[in-house]
Amino acid sequence: MTIQFKALPTEDVRALQCGGPDAYGHRPERSISDGDGVPCRHCLRNVAAGDAYLILAYRPFPELQPYAETGPIFLHAQECERAAEAGALPDMLESSDYIVRGYGRDDRIVYGSGGVIPTAAIAARAEALFERDDIAYVHVRSARNNCYQCRIERA
């Protein structure tokens, strides 16, 4: 089986870059990157030192419900190109490990699917999860802060 790492949709990102409201209805905050640990969820690369970025609340689910986690993410403040959907690990995944967790078609956590996985094993873990019929998609999240990184789908 093949998988695809998916970045945030460009339409949603452009609205935020133009000052549109985040998941809490607030305008994204602006900051300047020191070049360390500021992963953009659109291009799936780190924001370079000296470049402006946005900090905002993001909910990667279509509707509010008990499992619809909302948390902080970063985006380039200026337009960047959306990362191509690919089976290779995104450049921004630089930590030693991440939470990899499966979700059902109802956008709820599939219990027993989540774990802290070494970065080099993320793709293999996602492929193993997709062998299950109850897994519709997978999230990659920070193992330290639970921040949403990207989504993985079947190719």
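The centres of domain 1 and domain 2, taken over C-alpha atoms, are separated by 20 Å in this model, which is a predicted one. The domain assignment places domain 1 at residues 8–76 and domain 2 at residues 97–154 of the chain. Where the two meet, 14 residues of domain 1 are in contact with 15 residues of domain 2, and about 1,200 Å² is buried between domain 1 and domain 2, with carbon and sulfur atoms giving 56% of that area. On the side of domain 1, the residues that lose the most area to domain 2 are Arg41, Tyr67 and Glu69, which together account for 46% of what that side buries.

Turning to the polar side of the interface, the rule finds two salt bridges between domain 1 and domain 2, as well as seven residue pairs in polar contact across it, both residues of each pair being at pLDDT 80 or more.

Glu69 deserves a separate look. This residue lies in the loop between strand 3 (52–58) and strand 4 (71–76), and it forms a salt bridge with Arg141 in which the closest N and O atoms are 3.3 Å apart. The side chains of Glu69 and Arg141 are also listed as joined by a polar contact of 3.3 Å, while another polar contact, of 2.9 Å, joins the side chain of Glu69 to that of Tyr103. Leaving aside residues up to four places away in sequence, Glu69 touches Tyr58, Arg59, Pro60 and Phe61, and also Arg101, Tyr103, Arg141 and Asn146.

Notes
Residues numbered from 1 in each chain as written. Predicted model: local features only at pLDDT ≥ 70, side-chain atom pairs only at ≥ 80, totals over all residues. Heavy atoms only, no water. Domains from an automatic or database assignment. Contact = heavy atoms within 4.5 Å. Buried area = accessible area lost by both parts, 1.4 Å probe. Salt bridge = Lys/Arg side-chain N within 4 Å of Asp/Glu carboxyl O. Polar contact = N/O pair within 3.5 Å; in protein donor to acceptor, adjacent residues only side chain to side chain. Helix = DSSP H or I, 4+ residues; strand = E, 2+ residues; numbered from the N terminus.
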